[in-house]
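Please open the model in your viewer and display both the cartoon and the side chains.

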Amino acid sequence: MTQRDVVFPPARQALYERNRYSPAIRSNGLLFVSGQVGSREDGSPEPELETQVRLAFENLNAILKAADCTFDDVIDVTLFIVDPEAQFDTIWKVVPDYWGSAPHPTLTAVGVTWLYGFQFEIKVIARLPEAAES
């Protein structure tokens, strides 16, 4: 088996080890980022939705930065939203603060019934900068 090239953001490795998954993996010029939620440092959900979405993006950006990427390197986004009809407007007013510049990445939004106590999760695939230069 090939060794996975895992990317860990600063100060959160214990959380990923406890939950048994990698925050992101580099492979073939791409960065595959696990779904990020608006968790506090201890892993618990932030109860207020707008703050939870901002924390999810901050957690995502910490992983991107650890891989020398920014949101402008993101090519594909998947959002998971509990009760999207009720939550979408609140979520979408936060998104422009983090989304990067046009042209924007592809987007799939999925309504779900459960996210382990969270209301929002974002999962992305990004092109690694060294791959973009090739």
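This is a predicted model: local features need pLDDT of at least 70, side-chain atom pairs count only at pLDDT 80 or more; totals for chains, interfaces and linings use all residues.

Residues are numbered from 1 along each chain as its sequence is written, and side-chain values use heavy atoms, with hydrogens and water left out.

**Stop 1**

Select strand E1 (residues 5–7) together with strand E2 (residues 24–27); the two pair in the antiparallel sense over three bridges. Strands are DSSP runs of E with at least two residues, helices are runs of H or I with at least four, and both are numbered from the N terminus. Two strands are said to pair if DSSP finds at least two bridges between them. Val6 has Ile25 of E2 as its bridge partner.

E2 and E3 form a hairpin with two residues between them, and Asn28 in the turn has a positive phi of about 50°.

**Stop 2: Ser34**

Remain on E3 and select Ser34. Ser34 counts as buried (under 20% relative accessible area, with exposed meaning over 50% and partly exposed in between, for a 1.4 Å probe and protein chains only), at 18% relative accessibility. Leaving aside residues up to four places away in sequence, Ser34 touches Tyr21, Ser22, Pro23, Ile122 and Lys123; contact means heavy atoms within 4.5 Å. A polar atom of the Ser34 side chain lies 2.6 Å from the backbone oxygen of Ser22.

**Stop 3: Glu46**

Move to the loop between E3 and H2 and select Glu46. Is Glu46 buried or exposed? Glu46 is buried, with a relative accessible area of 14%. Beyond residues up to four places away in sequence, its contacts are Gly38, Arg40, Thr51, Gln52, Leu55 and Phe118.

**Stop 4: helix H3**

Finally, select helix H3 (residues 84–94), where Gln87, Ile91 and Val94 are buried. Seen down the axis of H3, the buried residues fall within an arc of 40°, so they line one face of the helix. The arc is that of the directions from the helix axis to the C-beta atoms. On the other side of H3, Glu85, Asp89 and Lys93 are exposed. To view what covers the buried residues of H3, display elements including helix H2 (49–66), strand E4 (74–82) and strand E6 (120–127).

Definitions and conventions: A polar contact is a pair of N or O atoms within 3.5 Å; within protein, one must be able to donate a hydrogen and the other to accept it, and residues adjacent in sequence count only if both atoms are side-chain atoms.
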